[in-house]
Amino acid sequence: MITEDEVQDLIPAFALGALEPEESAQVQAHLPTCASCRMALAEYQRINEALALSPVQLEPPGSLKAKALKVSMPRVAAPLPKQAGVATTAARSRFSLLTASAIALALVSLLLLAWGFREFSRQLAEQRDLVAVMAYADGPAVTVHGNASAPLAVGKLYLDPDSNVAALITVNMPTLANGQNYQVSLTEPDGTPANGGNFHVDTNGNGWLLIRAPKRLDAYQSVSISPVNENSTGAPVGPPLFQADLNFR
Amino acid sequence: MDQKTISDEELIALVARNESWALAELYDRYARLVFSLGVRVLNDRSGAEEIVQEVFAKVWLKAGDFETTRGKFSSWLIGIARHQCIDELRRRRVRPTTDGTDVASLRSGAESDPVESAVIAAEQQRIRNALAQIPVEQRQAIELAFFEGLSHQQIADRLDAPLGTVKTRLRLGMQKLRDLLKE
């Protein structure tokens with residue numbers, strides 16, 4: 001049975017990880033039973049921090065940051081599910097019709113608030129992820145210009161070929177009618193299309209989208225943006241406004 | 001919220017909630033330390049770059065494992081970085097420099113780096129002063145244990161010294177460092 005004095009002698013080497021496995025296990029087993037040994041260990045572990053700081057401090061290359069933080073970029077396998085429609089409820093009750101209507105109205109208001117908050121939180125999370133992709137994407141940024149239908153429109157795509165996520169920012173897009181939005185389409189070399197997501201633009205024609213492709217982005221050859229109907233058909237309502245090649249090779 | 005006033009422990013808690021900006025802030029604070037440790041252990045800049053990537057990937061993935069009750073974030077990070085370096089060293093079976101020759105060739109410009117804060121520079125000077133005050137054979141044993149992950153027996157084999165002598169050198173050297181750094 002190891003004594004406290006013997007453990008105290010071993011603690012400096014234990015803090016450095018220099019003990020043989022058997023001695024290390026003995027110290028490890030003793031520590032939970034002895035506060036003074038734990039305190040001594042904490043003192044010696046502070047030396048490790050000092051030793052870590054003792055080498056010449058060298059600045060890592062600037063390009064390393066994006067690579068090191070790539071792990072924190074969002075990775076999503078599938079497009080986000082469409083938001084469920086707001087459910088309205090009506091209640092049958094013993095109360096008068098007026099009371100029943102008031103209760104129904106209150107319930108609807110609460111549901112709208114909850115949905116609104118959820119949507120706000122979702123948008124906020126999306127925007128955070130968008131900024132992360134823009135900051136750390138390890139690929140070419142692609143600028144796309146609108147065609148004759150939208151000569152002032154410009155878009156910027158921040159891509160990471162190893163990922164299926166990209167950030168899109170657009171300005172000066174034509175505003176659309178109610179019930180319409182813009183769809184991003186990605187096309188593989190054999191012509192197979194994929195939906196990269198849909199987005200709206202504000203009254204100034206500015207919009208953004210966190211594109212989530214079904215496959216890694218380097219599987220695609222080109223990208224286009226078209227106005228579409230928001231209903232389930234998603235049918236195009238006009239020709240693409242943007243088309244650009246994705247040159248990963 | 002001023003990011004610079006957020007503690008490391010608050011940042012790692014945010015990392016555990018998938019806040020990527022918090023990881024970026026921790027990178028800004030500790031990448032240089034991790035990179036420099038990697039260069040010191042591996043004697044190789046590109047290897048040190050890989051270490052930095054692996055360490056911050058681990059920080060991101062294991063942020064939820066960090067507990068403030070078990071110590072500071074910097075201690076946790078240094079533990080991860082050191083183990084990563086030593087694992088890589090063992091994998092390569094490369095003998096690093098212990099006389100500082102190769103590291104010195106990387107030194108040019110580093111000590112005149114304007115980015116290095118006065119606080120870190122002062123702390124580093126304090127540590128180097130302390131290391132300079134312990135006998136060279138004790139320092140050597142400590143550095144072999146810390147930077148190469150060698151055990152008592154492995155240090156004894158490397159230095160061709162008796163095991164008991166190595167144990168004493170390491171214990172006395174660490175005790176002296178503890179006392180010097182307490183001042």
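Buried area is the accessible area (1.4 Å probe) that two parts lose on being put together, summed over both. The views below come from a predicted model, in which local features need pLDDT of at least 70, side-chain atom pairs count only at pLDDT 80 or more, and totals for chains, interfaces and linings use all residues. Residues are numbered from 1 along each chain as its sequence is written.

**View 1. The interface of chain A and chain B.** About 4400 Å² is buried between the two chains, and carbon and sulfur atoms give 66% of that area. On the chain A side, A:L16, A:Q57 and A:L58 lose the most area to chain B, together 16% of what that side buries. Contact (heavy atoms within 4.5 Å) takes in 35 residues from chain A and 56 residues from chain B.

**View 2. A salt bridge between the chains.** A salt bridge is a side-chain nitrogen of Lys or Arg within 4 Å of a carboxyl oxygen of Asp or Glu. Six of them cross the interface of chain A and chain B. In one, A:E43 meets B:R178 at 3.8 Å, N to O.

**View 3. An open sheet in chain A.** Strands are DSSP runs of E, at least two residues long, numbered from the N terminus. Two strands pair if DSSP finds at least two bridges between them. Four strands line up as β5-β4-β7-β8, with antiparallel pairing. β5 (193–199) and β8 (242–245) of chain A each have a single partner strand, so one side of each is left without a neighbour in the sheet.

**View 4. Strands β7 and β8 of chain A.** β7 (residues 222–229) pairs with β8(A) over four bridges, in the antiparallel sense. A:S224 stands opposite A:Q243 in β8(A).

Notes. Chains are lettered from A and ligands numbered from 1 in the order in which they are written. Side-chain values use heavy atoms; hydrogens and water are left out.
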